[in-house]
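Visitor: Could you take me through the aromatic side chains here, up close? I'd like the geometry spelled out, please, not just a list of names.

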Amino acid sequence: MSLVSFLLPCFNSEAYLQQTLDSIAAQTHTQWECIAIDDGSTDGTWALLQQAAANDSRFKVISRENRGLIATLNEAIALAQGQWLARIDADDICWPQRLAMQLARLAETGADVCGTWVRFIGDRSGEWQTQSTDASIKTGLLFNSTLAHPTVMMRASLVKGAGYDASAIHAEDYALWCRLALQGAVFTGVPAVLLDYRCHAGQITQAKKQQLRATAQKIRLDYARQALPLPLQAVATEWAELLEPARVLTVSECRSVFAMLLQIAQFSPASQPALAEAWLDALQRTQGVSLGMCFDALSIKAKLPIPQSEAKKWHKQIFRMLISDRVWQIIKRAQA
């Protein structure tokens with residue numbers, strides 16, 4: 001059986017850490033170790049880690065001064081003995097069959113990196129149904145990170161010695177996936193929820209969001225310059241700007257995005273699931289839509305059908321275009 005090394009960075013994690021530790025201990029695949037590093041916590045985190053190690057020798061625990069998330073992850077990678085590395089955060093809960101199902105998927109596909117879907121808990125509900133094929137995951141990286149970081153299992157040999165980029169603060173996962181994709185790593189995903197992802201206030205402050213946005217924009221541009229189909233590489237800068245998730249688009253810009261996505265679909269038909277989510281996201285970010293935009297949206301939908309999980313978003317956008325964005329905003333203000 002393959003040895004899997006959990007990478008568990010902890011910083012002031014006392015509130016939810018015990019649930020995380022219990023979920024690791026409950027894995028049906030039992031050949032694992034957990035490299036848990038207390039990154040200078042000032043609460044009861046270290047005591048919980050010590051107790052876990054006393055109860056189960058598979059928990060390898062370390063406590064030292066604060067060095068930040070990326071340094072902590074890279075330290076855990078260096079210490080890990082497993083063939084596979086499994087990420088998890090100190091406030092999330094992995095389901096008992098997580099390791100077993102990911103290892104089976106990796107064996108089935110021959111892939112190097114595997115994510116899973118997540119269920120949101122805490123201050124948010126619903127699911128994030130991430131892409132599950134190599135082509136759609138790599139295409140999705142042209143827009144943003146396509147893997148839920150705490151769900152990922154990756155081949156240790158790919159990151160031993162390199163690890164996470166210290167300059168990619170708050171977007172270290174996105175930078176790693178893009179680097180691995182350009183190096184030829186094969187991606188896959190288990191199309192099922194295998195982790196509860198906890199959302200709570202204070203996870204990312206506004207200041208961190210600004211830094212994340214700037215870092216991710218640089219990563220997106222660097223990746224687009226190499227990963228876009230050759231005819232589109234000349235417009236990589238425009239691509240990175242228009243596909244930035246927080247960018248508000250004009251109707252003209254949205255139509256440009258649609259045209260770019262259709263070009264990619266011609267070069268890579270297997271990437272259509274990721275492209276379908278991208279055009280719907282672009283439509284959501286577009287101001288000033290009206291009935292005229294509806295025809296463009298219906299046309300691209302016929303060529304890039306959206307998954308059933310996105311149907312609710314699509315119906316909302318249809319209604320917005322039919323009544324016009326101006327009326328839509330009036331209704332939203334009245335409901336606020």
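**Rings and their neighbours**

Guide: Let's start with a trio: Phe6, Trp32 and Phe59 make up one aromatic cluster. Rings of Phe, Tyr and Trp (its six-membered ring) pair if their centres lie within 6.5 Å; planes under 30 degrees apart are stacked, over 60 edge-to-face, and the rest tilted. By this rule there are seven aromatic pairs.

A quick word on the ground rules. This is a predicted model, so local features need pLDDT of at least 70 and side-chain atom pairs count only at pLDDT 80 or more, while totals for chains, interfaces and linings use all residues. Residues are numbered from 1 along each chain as its sequence is written, and side-chain values use heavy atoms, leaving out hydrogens and water.

Now for one of those pairs. The ring centres of phenylalanine 258 and tryptophan 279 are 5.9 Å apart and the planes sit at 85°, so this pair is edge-to-face. Phenylalanine 258 belongs to helix α10 (residues 251-267) and tryptophan 279 to helix α11 (residues 272-284), so the pair ties together parts 21 residues apart in sequence. (Helices, H or I of at least four residues, and strands, E of at least two, are DSSP runs numbered from the N terminus.) Phenylalanine 258 and tryptophan 279 are both buried, where buried means under 20% relative accessible area, exposed over 50% and partly exposed in between (1.4 Å probe, protein chains only).

Tryptophan 279 also pairs edge-to-face with tryptophan 314, at 5.6 Å centre to centre with 80° between the planes. That pair links distant parts of the chain, from tryptophan 279 in helix α11 to tryptophan 314 in helix α13, 35 residues apart. Tryptophan 314 is buried, like tryptophan 279.

Follow tryptophan 314 and you reach another helix. Trp314, Ile318, Met321 and Leu322 in α13 meet Leu291, Met293, Cys294, Ala297, Leu298 and Lys301 in α12, with contact meaning heavy atoms within 4.5 Å. These residues split into nine nonpolar, no polar and one charged; Ala, Val, Leu, Ile, Met, Phe, Trp, Tyr, Cys and Pro count as nonpolar, Asp, Glu, Lys and Arg as charged, and the others, Gly among them, as polar.

Last stop, a charge and a ring: the charged end of arginine 124 sits over the ring of phenylalanine 120, 3.8 Å from its centre. "Over" here requires NZ of Lys or CZ of Arg within 6 Å of the ring centre and within 35 degrees of the ring normal.
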